[in-house]
2 protein chains.
Amino acid sequence: MSDARYDELRERLAETWDLAKLGAIAAWDQQTMMPAAGGAVRAQQLATISKVVHEQIVSEELGELLEELRPYEESLDHDSDEASLIRVTRRDRDKELRVPGELREAQARAGAEAFPVWVEARRTDDFELFRPHLERNVELRREYAACFDADEPYDALLDDFEQGMKTAEVREVFAQLRDGLVPIVAEASEQEIDDSCLRGHFPVEAQREMQKLLLSRFGFGEDTWRIDPVAHPFATSFATSDIRMTTYYPEHEMRGVFAAMHEGGHALYEHNVDPALERTPLCRGTSLALHESQSRMFENLIGRSIEWWSWAYPEMQRLFPDQFRGVELEEFHRAINKVQPSLIRIEADEATYSLHIILRFELEQELIAGTVAPADVPGVWNERMKRYLGVDVPDDAHGVLQDVHWSRGTIGYFPTYALGNVISVQIWEKVLDDVPDLMEYVARGDLTPLTDWLREKLWRHGRKFTPQETLERVVGGGLDSGPYLRYLSGKLGAPTV
Amino acid sequence: MSDARYDELRERLAETWDLAKLGAIAAWDQQTMMPAAGGAVRAQQLATISKVVHEQIVSEELGELLEELRPYEESLDHDSDEASLIRVTRRDRDKELRVPGELREAQARAGAEAFPVWVEARRTDDFELFRPHLERNVELRREYAACFDADEPYDALLDDFEQGMKTAEVREVFAQLRDGLVPIVAEASEQEIDDSCLRGHFPVEAQREMQKLLLSRFGFGEDTWRIDPVAHPFATSFATSDIRMTTYYPEHEMRGVFAAMHEGGHALYEHNVDPALERTPLCRGTSLALHESQSRMFENLIGRSIEWWSWAYPEMQRLFPDQFRGVELEEFHRAINKVQPSLIRIEADEATYSLHIILRFELEQELIAGTVAPADVPGVWNERMKRYLGVDVPDDAHGVLQDVHWSRGTIGYFPTYALGNVISVQIWEKVLDDVPDLMEYVARGDLTPLTDWLREKLWRHGRKFTPQETLERVVGGGLDSGPYLRYLSGKLGAPTV
């Protein structure tokens with residue numbers, strides 16, 4: 001009896017997930033392939049598929065099915081695919097049901113209206129132009145948070161990206177992180193490092209070849225992936241065997257390879273979910289922070305290590321002779337790890353990056369709590385940039401207006417970036433416990449021991465477990481900024497905290 | 001009252017059409033971009049979207065809405081967008097309702113099973129391997145035809161591609177066409193024409209440039225289209241302002257430019273539907289034959305004319321100097337118009353092409369009527385190839401097994417190719433009546449007078465009118481093979497029939 005009902009659930013969710021993936025295909029196409037004039041109709045097509053997927057999730061039939069499946073679920077092991085699918089679907093559905101359709105629409109509309117204003121405000125360095133839209137977005141996010149029974153309103157926003165994670169826990173971890181990072185950054189940024197080899201001329205074709213060469217060592221299955229250039233790189237998947245990475249090839253600097261390795265980390269997570277979870281809502285990474293831990297691991301822990309470049313740097317020298325002829329490996333390695341406080345988050349180095357995030361996380365909580373008014377955000381922003389990073393913000397275009405997120409009404413997303421950094425090293429330490437000679441493999445361009453470990457412990461489970469459950473399973477505990485701070489101190493030669 | 005209900009219909013259909021287009025995006029991606037390993041899940045995603053679109057079309061709510069809108073429809077001009085949308089939607093829905101779900105599924109399954117067997121049968125030249133699948137597909141198509149009240153079963157199959165067209169009418173036109181073509185082909189193929197310049201080496205990059213150059217004269221709006229290489233070229237659209245052409249760049253022959261112009265003709269039709277019909281089932285070409293009339297017009301009536309090449313041939317010579325240095329325009333023009341009976345439909349020239357189709361059309365009717373058994377098809381095929389085209393079929397791989405259509409259970413589609421040829425010249429004569437100096441423009445690479453005419457008379461109406469209504473509006477009558485035969489006789493120097 002229950003088994004047949006479970007098959008019904010499985011089939012129903014497979015269809016819903018197929019539809020969600022069709023939306024993902026259209027969204028990928030929009031960024032990578034679509035002629036510009038297709039934009040208006042595409043936006044409507046994407047709105048329609050979101051609506052249809054939402055309707056299927058909140059449908060009475062699905063609710064009844066989930067109710068009927070309670071005894072079956074209770075008869076199963078919590079960790080089984082079946083129990084997990086029922087549990088996660090119920091949680092997703094309950095959440096989807098909490099928010100009135102009018103509020104969802106108001107949020108989408110406000111975001112759509114605010115976005116072009118933000119573009120203009122940034123262009124003309126005019127925060128006041130954007131301010132009313134920020135106010136409106138904050139107000140709607142407060143209404144949204146009020147739909148849930150959360151300990152504090154920000155919990156409800158964070159939950160969209162890190163299911164079940166509490167703001168209080170993040171706050172504590174970030175406070176330690178901030179206090180640890182500030183002196184590391186201050187000291188590291190005093191070192192004189194010549195990174196001029198990273199700027200100059202990098203022909204697009206050579207970049208394309210270099211990125212493919214690096215990614216060819218990541219261990220993707222044959223004929224399962226592609227990579228295309230876009231303005232803002234991302235990774236997505238339409239099946240575990242259909243992975244789409246994106247990247248860029250900026251001609252005057254070398255950051256493209258790091259974008260490729262970053263997206264490669266995201267892509268590996270999606271690629272290695274157990275195929276038994278295909279066509280279900282469990283078939284993706286469990287949260288943004290866990291996802292980011294993987295992208296950061298491949299971008300930074302692998303991609304900025306001397307071992308990785310000991311095999312790859314000769315290829316760089318071959319492909320970009322004018323840039324790297326006469327630059328020793330150690331010199332290159334120091335250059336790609338240079339710490340230099342700067343104004344712009346997306347250009348920040350590994351050490352300063354999290355401070356940009358912590359500033360945003362603090363401000364978001366204050367905005368939602370009402371302790372900082374939108375009108376006061378630029379002042380607070382500039383004061384903290386000075387305090388955390390030691391830099392003077394010359395104008396709002398290079399300050400509070402730099403990121404797109406708030407224009408879309410996206411609040412609660414930023415912390416996941418820095419949580420990714422923190423988690424990446426928590427996991428990394430566990431890998432090294434189990435595979436002490438990992439870096440010897442890495443030095444030969446062999447990532448197999450790493451990817452085997454991650455597949456077994458993390459990737460294959462997809463979204464079966466919450467972020468906390470996942471972290472507990474993988475590292476045996478909760479969030480901890482210690483490993484990340486130790487790693488940076490060790491690498492940058494600052495005192496251990 | 002009725003107006004609000006009409007708005008409801010419009011909104012409902014916009015969503016259904018959005019979903020259909022999301023399926024089209026995924027299908028395009030499958031052919032052009034998808035890593036091979038994505039195929040299995042993609043097939044399921046496409047099956048799901050077909051099912052959801054089908055369910056929306058046959059829904060009770062849509063049926064009731066259409067019933068309530070009858071008085072409103074009757075109050076409107078037949079040619080209005082509103083009356084057309086109600087009329088066509090009702091017709092589509094009635095048709096969709098006639099076929100039991102089990103039969104649809106059986107057909108899809110039989111096609112999916114037959115396809116790989118056909119691939120293997122063609123590879124090994126083993127018709128007997130494929131025969132049981134052909135039998136099954138024919139049987140299911142008979143069952144399908146029996147769902148409709150048609151004068152003869154083949155009418156129901158043809159109707160899927162040419163709504164409302166009768167087999168009897170096509171039979172009559174094709175009989176005249178066959179009788180006219182056989183002597184034209186026999187005579188034309190005796191001419192000694194050297195077309196060796198069309199074979200050799202055509203570098204891919206130069207082909208890409210040449211095709212873009214030709215298509216740049218077709219008059220597409222800026223940022224509304226793209227063209228990508230595939231194995232079997234096609235054109236599709238996701239909005240009137242998001243047009244996707246595909247092509248190929250075979251390195252050893254020059255056929256790629258004709259594929260590009262062919263798809264360019266299809267693409268212009270989709271691109272120029274009135275944007276008022278966007279996101280409705282009226283927003284596409286009215287039938288396959290009308291569509292093919294446009295692709296054939298741009299491929300052949302424009303693309304094989306001496307006037308067109310009088311501006312474009314110097315570019316060909318520039319891009320492919322080794323092939324065309326020392327080859328005069330007139331010589332090139334004769335080469336691209338050479339008539340040579342051959343075994344393979346998709347390689348056939350403009351004059352012999354329709355004979356390949358007529359043979360298939362006759363056989364399809366005989367299979368459906370049961371007057372030729374699947375087992376006897378190879379013999380009949382070979383006998384008629386000799387009679388119509390004068391060629392000996394060496395084996396079934398180069399005969400009855402050459403086309404994919406029957407393996408998929410697609411019967412009734414083939415005639416639309418030759419109808420396209422016939423209609424293309426019927427329309428062409430009308431254009432020339434109105435724009436007598438058309439070819440002077442064409443000689444300058446200016447297609448504006450032609451595209452203006454076609455947009456006004458044909459393209460903008462999309463699917464508002466049936467193929468017959470459309471033909472009546474555009475050429476003032478029904479199907480007529482006369483213009484096509486006159487055109488070929490005139491061009492190829494054979495006697496007028």
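**Chains A and B: symmetry and interface**

Chain B can be superposed on chain A with an RMSD of 0.0 Å by a turn of 180° and a shift of 0.0 Å along the axis, and that is the relation of a two-fold axis. In chain B, the C-alpha nearest this axis belongs to Leu22(B), at 3.2 Å from it. The model is a predicted one, and the points below describe how its two chains meet.

**Extent of the interface**

- In this model, 36 residues of chain B are in contact with 36 residues of chain A, and because 100% of the interface residues of chain B are also interface residues in chain A, the copies meet through the same surface.
- The area buried between chain B and chain A is about 3100 Å², with carbon and sulfur atoms giving 60% of it.
- Of the area that chain B buries against chain A, 18% is supplied by Leu22(B), Pro35(B) and Gln45(B), which is more than any other three residues supply.

**Polar and charged pairs**

- Six salt bridges are found across the interface of chain B and chain A; in a salt bridge between Arg244(A) and Asp29(B), the side chains meet at 2.7 Å, N to O.
- Between chain B and chain A, the count of residue pairs in polar contact is 20, with both residues at pLDDT 80 or more.

**Make-up of the contacting side of chain B**

- The elements of chain B that each supply at least two residues to the side touching chain A are α1 (2-32), α2 (39-58), β1 (225-229), β2 (235-239) and β3 (242-247), and the largest share, 10 residues, comes from α1(B).
- The residues on the side of chain B that touches chain A divide into 16 nonpolar, seven polar and 13 charged.

Methods
Residues are numbered from 1 along each chain as its sequence is written. Chains are lettered from A and ligands numbered from 1 in the order in which they are written. This is a predicted model: local features need pLDDT of at least 70, side-chain atom pairs count only at pLDDT 80 or more; totals for chains, interfaces and linings use all residues. Side-chain values use heavy atoms; hydrogens and water are left out. Contact means heavy atoms within 4.5 Å. Buried area is the accessible area (1.4 Å probe) that two parts lose on being put together, summed over both. A salt bridge is a side-chain nitrogen of Lys or Arg within 4 Å of a carboxyl oxygen of Asp or Glu. A polar contact is a pair of N or O atoms within 3.5 Å; within protein, one must be able to donate a hydrogen and the other to accept it, and residues adjacent in sequence count only if both atoms are side-chain atoms. Helices (H or I, at least four residues) and strands (E, at least two) are DSSP runs, numbered from the N terminus. Ala, Val, Leu, Ile, Met, Phe, Trp, Tyr, Cys and Pro count as nonpolar, Asp, Glu, Lys and Arg as charged, and the others, Gly among them, as polar. Copies are superposed by least squares on the C-alpha atoms of residues with pLDDT of at least 70 in both.
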